[in-house]
Amino acid sequence: MRPMAFMPPDLANLPSLLRQRGLTVGTPLTVLEETTSTNDEAKRAAKNGATHGATWMSERQTAGRGRQGRQWVSPPGENILLSMLARVACPPRRLPLLSLVVGLAARDAVARSAPQADVRVKWPNDVVIDGRKVCGILVEAQFAASQVEALILGVGMNVHTRAFPDEIRELATSVALHAPEPPSRATLVVDLFEALERDLPLVAARGLAPVHARLEAVDALRGKRVRSDQDVAGIAEGIDDEGRLMVRRDDGVLERFVAGEVHLLR
């Protein structure tokens, strides 16, 4: 049985906010009470011809996931779980860049709601406040004849959660814990979509250059000592124009990482 659409009271004004800002992304908008994952919804719809900007949100996911198959768990009604379908002309080599663009858009949305917080993008696809994760990004692609036919932009953002399980208490945070007043999920979503509508086509067409300076200014790893999941340690020297993380190893060699996990060393 297919999930049934509904509209939580605090998201009821989201369609009107999208219209007020003249945005094309975010419509049509489907809000579900429960689904396996919003990325699953978007991928099915993409195969059936859904248009650019179509978006799925859910209050609860039974099989939500992050990068590398990790489970994403969120209490119903507290946070933002959404996936947007993007149909942009994009060579496959630029896919890692688009994950960074989504992260930058989410970072900017969080920063508008929590203007005093130190909100940064952590390569390759997280948004952090004071080093703690507030938002995760999962970008998946569908291909046709070796070309990108559709992108699924998945965003999971902690908005209202104030208490986290013991195992992630020191690793996670939420917008509410840093905002001067209770954050609005609808405002966060429309701020996210406004940034995506501006930046996504630019980077898909031209590469990272149009947003590189902004990304560099909010890079969570730059200048920090890090270790990769390939056991390479050194000082992060930023993100290059190809979206690769640059790490200066202890022996002076500059490594460039295309993907993977990188952890801060204390």
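Strand E2 (residues 55–58) and strand E3 (residues 80–86) pair in the antiparallel sense over three bridges; helices (H or I, at least four residues) and strands (E, at least two) are DSSP runs numbered from the N terminus, and two strands pair if DSSP finds at least two bridges between them. The model is predicted, so that local features need pLDDT of at least 70 and side-chain atom pairs count only at pLDDT 80 or more, whereas totals for chains, interfaces and linings use all residues. Residues are numbered from 1 along each chain as its sequence is written, and side-chain values use heavy atoms, with hydrogens and water left out.

The open sheet comprises seven strands in the order E1-E2-E3-E7-E6-E5-E4, with mixed pairing. Strand E1 (29–32) and strand E4 (119–122) form its edges, each pairing on one side only.

The largest nonpolar core has 68 residues, of which Met-157, Leu-192, Phe-193 and Leu-245 touch the most other members. Such a core is a set of buried Ala, Val, Leu, Ile, Met, Phe, Trp, Tyr and Cys residues joined through side-chain atoms within 4.5 Å, buried meaning under 20% relative accessible area (1.4 Å probe, protein chains only).

Conventions: Buried means under 20% relative accessible area, exposed over 50%, partly exposed in between (1.4 Å probe, protein chains only).
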